[in-house]
Amino acid sequence: MFYHEYSLTACGPLNARAAEVCRKGALIKTDEGGYGCIQPWPELGDATLQEELDALRKGSPLPLGIRALECARTDGEARAKGASLFDGLHIPASHATLPSCVSPATIRIMESKGFKAGKIKASPNLAAALERLTMLASMVPAWRWRLDFNGCLNENDALKFWKSLPHHLKTRIDFIEDPCPFSVQSWERLVDAGMPLALDMGSDSEHQPAISSDLPIIRIVKPAREATPEYLYEPPVFTTVMDHPWEAALGRLPGGGLLPQRPAHGNSPLRPLHAPPV
């Protein structure tokens, strides 16, 4: 197996928990010629990139490594057959993920390309989050909106934010993802207030909360972290963490986040995974 480390530099913070704008990851290539990718987010519970690579070297991959190997195996089988993994699949339309540094010109370009929904990584500063949503929504009056707080609020602040939204904005929101850490009691209160919720369980598969099918929550699924789970409630929304978007083609709710970031092309070749780190 071979690997190549890369880094991506964003124009600003990517979410409420990630202050680091330089993200590091690694492409892997199996001996069979398949490719996968590992891009950890330790702020959201992942192991570090070095820990993931060390685990692969030892033959005991961690969660992101397991999924990267599964992706590489499927990719390698398709390459050997000369087949496209996208044959016969329909990739649903994606929402436009809008970082804090997005410009008005970029919004106009996205609108001209046919985007119909935007996803905002929201700030824990409620006034700033409301101001940004109001400004962006005014630029594209036909768009629907999805907000992700990455669990940075508490229950009371989440309710305060929802109540601060004017009715015309509330009607344009598909969901608010992870407004505060999950608990059945807190999220039942948010649902009772009318807030449409989405839950990203993150990478901690051993301690996932038990969710009643009576609680209407949209499930955020990242195929790079987990295999497609069974759904007891609302249809899922698939998003990517550098994995192949074909895995999300079976998603049933249109408007997922299937536009993966692209690693910068470097001059370094893929290295054997058993090589010592440099």
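Select Cys-37 and Cys-71. The sulfur of Cys-37 lies 8.6 Å from the closest cysteine sulfur, the one in Cys-71, which is too far for a bond. A disulfide is a pair of cysteine sulfur atoms within 2.5 Å, and by this rule the count comes to 0 disulfides. This is a predicted model, in which local features need pLDDT of at least 70 and side-chain atom pairs count only at pLDDT 80 or more, while totals for chains, interfaces and linings use all residues. Residues are numbered from 1 along each chain as its sequence is written, and side-chain values use heavy atoms, with hydrogens and water left out.

Stay on Cys-37 and show the surface. Is Cys-37 buried or exposed? Cys-37 is buried, at a relative accessible area of 11%; buried means under 20% relative accessible area, exposed over 50%, and partly exposed in between (1.4 Å probe, protein chains only). Now select Cys-22, which counts as partly exposed because its relative accessibility is 25%.

Zoom out to the whole protein. It has 7 helices and 11 strands; helices (H or I, at least four residues) and strands (E, at least two) are DSSP runs, numbered from the N terminus. Of the 278 residues in the protein, 46% are buried.

Next, select strand S7, residues 173–177, where Glu-177 is found. Glu-177 counts as buried, since its relative accessibility is 0%. Which residues does Glu-177 contact, leaving aside its neighbours within four places in sequence? They are Lys-119, Leu-147, Asp-148, Phe-149, Asn-150, Ala-198, Asp-200 and Ile-220. Contact here means heavy atoms within 4.5 Å.

Move on to helix H4, residues 126–139. Its 14 residues should span 20 Å at 1.5 Å a residue, and the end C-alpha atoms are 20 Å apart, which agrees. The expected span is 1.5 Å times one less than the number of residues.

Colour the buried residues of H4: Leu-126, Ala-129, Arg-132, Leu-133, Leu-136, Ala-137 and Met-139. Then look down the axis of H4: these buried residues fall within an arc of 160°, so they line one face of the helix. The arc is that of the directions from the helix axis to the C-beta atoms. Turn to the face away from the buried side to find the exposed residues Ala-127, Glu-131 and Ser-138.

Finish at the start of H4 with Asn-125. One of its side-chain oxygens reaches to within 3.2 Å of the backbone nitrogen of Ala-127.

Methods
A polar contact is a pair of N or O atoms within 3.5 Å; within protein, one must be able to donate a hydrogen and the other to accept it, and residues adjacent in sequence count only if both atoms are side-chain atoms.
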